[in-house]
Amino acid sequence: MKNLKLGVFILLMTTFLISCKLPVKKENLQAKSKITNPILPGYFADPCIVKEGDTFFIYATIDPWGGEELAVFSTKDFIQFERHHLNWPTKKACTSPNSKDSMVWAPSVRKAANGKYYMYVSVGSEVWVGVSNTPLGPWKNAKEDQSPLISAKDYPLVHNIDADCFIDDDGQAYLYWGSGFNWVNGTCMAAKLNSDMISFDEKPKAVTPKDYFEAPYMIKRFGKYYLMFSSGKAIDATYKVGYAVGNSPLGPFETAKNSPILETTADSITYGPGHHSVFKEKGQDYILYHRILPQKEKYVLRQICIDSLNFDANHNILKVKPTGISSF
């Protein structure tokens, strides 16, 4: 009888101790799965993202002010990252007779209806387009003549950078691009792409919303087209993310009353956030963007961040709270 009571006592105590330990283990797991900003060590900007299988690929500008190539990272959980090298684009491969001095900037990568990946990237103040069968390449210029899709001499009133490719629900692709000069508000150009992804179905036109400076990014939600963009000065605290809404991919677009939705925070931890992309995972939208590391140098260094992107009952984008996210 004594042995039975002792056995019951040991069993009860073991169960109690296990139950006491479980919350601690759970809290530790939650702490480890929290994705905090910046998500990457080092200095990068203008991120875009695609997902292939269970892996995300993030393409970004190398700071300060671009490099000879792009930075590319793969991750499954936004906690552990692996950096990769792409054979294209490079400053050398993407230089035309009209190219300017600017380096490799601001990629936009999309998987088209034909199953291939296309990259629209700014090099030398021109928009180049590459093609690949996989996110990591090998990549090559999608144009046989090795020329840019949009030359620096095209649309002389537009700074021809910051291209974004948007693919609608029906598979139709559109391209948006354009910035300003000397920190004066820019022009947003837009056009429907042909199925070859390297030519326009019609003449590009300006669809510039109020407060637009650069970095257009299109998303479609609730049957509406949200043309997101950056405004302000890309090197200081005025840089921020806003948006405008239209009923078609080519507008017209009306800047939302609650725009901007991401800007410098009161504590300046998030300083000059902008040039973003958006992706959805498990029904939740996320915004991937860069923020500036405040400094006294003549150039800026930027860090890649992620936060949740949410909508209110009237389908307005809510103000982003730059706190990082929980694990997927």
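Which side chain makes a polar contact with the side chain of Arg-302? Asp-63 does, at 2.6 Å. A polar contact is a pair of N or O atoms within 3.5 Å; within protein, one must be able to donate a hydrogen and the other to accept it, and residues adjacent in sequence count only if both atoms are side-chain atoms.

**Before you click**

This is a predicted model, where local features need pLDDT of at least 70, side-chain atom pairs count only at pLDDT 80 or more, and totals for chains, interfaces and linings use all residues. Residues are numbered from 1 along each chain as its sequence is written, and side-chain values use heavy atoms, leaving out hydrogens and water.

**Stop 1: the whole protein**

Show the cartoon. There is one helix, along with 19 strands. Helices (H or I, at least four residues) and strands (E, at least two) are DSSP runs, numbered from the N terminus. Along the principal axes, the C-alpha atoms fill a box of roughly 95 × 45 × 45 Å. Of the 328 residues, 51% are buried. Buried means under 20% relative accessible area, with a 1.4 Å probe and protein chains only.

**Stop 2: Arg-302**

Select Arg-302, in strand β19 (residues 301–309). Arg-302 is buried, with a relative accessible area of 4%. Now show what Arg-302 touches (contact means heavy atoms within 4.5 Å). Leaving out residues up to four places away in sequence, the list includes Tyr-43, Phe-44, Asp-63, Trp-65 and His-290. Gly-42 and Ile-292 are also among them.

**Stop 3: an open sheet**

Next, select β5 through β8. These four strands form an open sheet in the order β5-β6-β7-β8, with antiparallel pairing. β5 (104–111) and β8 (140–141) stand at the edges, each with a single partner strand, so one side of each has no neighbour in the sheet. Two strands pair if DSSP finds at least two bridges between them. Zoom in on β7 (residues 126–132): two bridges join it to β8, and the two run antiparallel. Gly-130 stands opposite Asn-141 in β8.

**Stop 4: Gly-67**

Where is Gly-67? Look in the loop between β2 (55–62) and β3 (71–75). Is Gly-67 buried or exposed? Gly-67 is buried, at a relative accessible area of 12%. Gly-67 touches Ile-62, Met-103 and Val-104, not counting residues up to four places away in sequence. Finish with a distance label from Gly-67 to Ile-219. They are 152 residues apart in sequence and 28 Å apart in space, C-alpha to C-alpha.

Notes: Buried means under 20% relative accessible area, exposed over 50%, partly exposed in between (1.4 Å probe, protein chains only).
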